[in-house]
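I opened my notebook for a new model today. Here is what I looked up, in the order I went through it.

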Amino acid sequence: MIGLGTIINTVCIIAGGFAGCFFGRYLKDSSQDTLCKACGVSTLFIGSAGAMEGMLKIENGALGSGRSMFVVICLALGAFIGEIIDIEEGFERFGEWLKIKTGNAKDRDFVNGFVTASLTVCIGAMAIVGSIQDGIMGDYSILATKAILDLIIIMVMTCSMGKGCVFSAIPVFLFEGVMTLLARLIKPVMTEAALMNLSLIGSVLIFCVGINLVWGKKIRVANLLPSVVLAVIGAFLPIDI
């Protein structure tokens, strides 16, 4: 069944959110803060590992690094475009609307939890590759694997950041659903080079999410999302940055 991967991923996020709400009510504020920081540190390492995988390479038996200029250009141009569009504001407005419509108007952490969790589970190559594979072959194995990871991540986030994290299921459902429906159109664009670029920049953005979790909201990560599109475009440029 085409689209089953998106459904599984969405259900697992909701299940993780409800589990987090249940366990979170038994945690003290100090425990929730520590849990949030632990989640942030984990996110930092996940982002760092992905970014280093794309930037480090072994040449002549020695470890070297590269692609620094590519990262700088993608992030700078992506930030410029994102600030003009103000994607972060759109996320927050939708979060505010959800907060009111779901009866959580008094929850001060709702919007922050929604935005942070949404960015954490939406950014990454697994969502795109898994959706394409599901849309073309009906193979949902990648999205099913991602679903288990997301369940754990959202459960921990919900314990520390509240109910808003549960609603990250909405953007995941929409994003992966659209990708699945458009899979045959997207597949030719998602070359090996494009996926490598996407994974690299996506990992940098995940690292930024980790910074916000550990030190409070310092980076408007949603406004950096155009960087991911620029990374894919960069794979088709005649010059190697």
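How many residues apart in helix α4 are Phe94 and Trp97, and by about how many helical turns are they separated? I found them three residues apart in α4 (residues 87-101), so about one helical turn separates Phe94 from Trp97. Helices here are DSSP runs of H or I with at least four residues, numbered from the N terminus.

**Ground rules.** I am working with a predicted model, in which local features need pLDDT of at least 70 and side-chain atom pairs count only at pLDDT 80 or more, while totals for chains, interfaces and linings use all residues. Residues are numbered from 1 along each chain as its sequence is written, and side-chain values use heavy atoms, with hydrogens and water left out.

**Rings.** I looked for aromatic pairs and got six. My criterion: rings of Phe, Tyr and Trp (its six-membered ring) pair if their centres lie within 6.5 Å, with planes under 30 degrees apart called stacked, over 60 edge-to-face and the rest tilted. The ring centres of Phe22 and Phe23 lie 5.3 Å apart with planes at 75°, so I noted this pair as edge-to-face. I then checked accessibility, where buried means under 20% relative accessible area, exposed over 50% and partly exposed in between (1.4 Å probe, protein chains only). Phe22 is partly exposed at 42%, and Phe23 is partly exposed at 46%.

Back to Phe94 and Trp97: their ring centres are 5.9 Å apart and their planes at 15°, so that pair is stacked. Phe94 has a relative accessible area of 29% and Trp97 one of 47%; Phe94 is partly exposed, and Trp97 counts as partly exposed too. I also saw that ring pairs link Phe91, Phe94, Trp97 and Phe114 into a cluster.

The charged end of Arg67 sits over the ring of Phe70, 4.3 Å from the ring centre. For this I required NZ of Lys or CZ of Arg within 6 Å of the ring centre and within 35 degrees of the ring normal.

**Helix α4.** I checked the span of α4 next: its 15 residues reach 21 Å from first C-alpha to last, close to the 21 Å expected at 1.5 Å a residue. The expected span is 1.5 Å times one less than the number of residues. Buried in α4 are Glu88, Phe91, Gly95, Leu98 and Lys99. Down the axis of α4 these buried residues fall within an arc of 100°, so they line one face of the helix; the arc is that of the directions from the helix axis to the C-beta atoms. On the face turned away from the buried side I found Arg93, Ile100 and Lys101 exposed. The buried residues of α4 pack against α5 and α8, with contact meaning heavy atoms within 4.5 Å. Just after α4, Gly103 has a positive phi of about 75°.

**Helix α3 and the loop.** What phi does Asp86 have, although it is not a glycine? I read a positive phi of about 60° for Asp86, which is in the loop between α3 (68-85) and α4. Asp86 counts as partly exposed at 26% relative accessibility.

The 18 residues of α3 should span 26 Å at 1.5 Å a residue, and the end C-alpha atoms of α3 are 26 Å apart, which agrees. Phe70, Val71, Cys74, Gly78 and Gly82 are buried in α3. Their arc, seen down the axis of α3, is 90°, so they line one face of the helix. Met69, Phe80 and Ile84 are exposed on the other side of α3. I noted that the cover over the buried residues of α3 includes α2 (29-55), α4, α10 and α11 (226-234).

**Core.** Which residues touch the most other members of the largest nonpolar core? Of its 47 residues, they are Leu119, Met190, Leu200, Ile201, Leu213 and Val221. Helix α10 (residues 192-215) gives the largest share of this core, 10 residues. I defined a nonpolar core as a set of buried Ala, Val, Leu, Ile, Met, Phe, Trp, Tyr and Cys residues joined through side-chain atoms within 4.5 Å. Leaving out residues up to four places away in sequence, Leu119 touches Phe91, Val209, Val221, Ala222 and Leu225.

Notes: Helix = DSSP H or I, 4+ residues; strand = E, 2+ residues; numbered from the N terminus.
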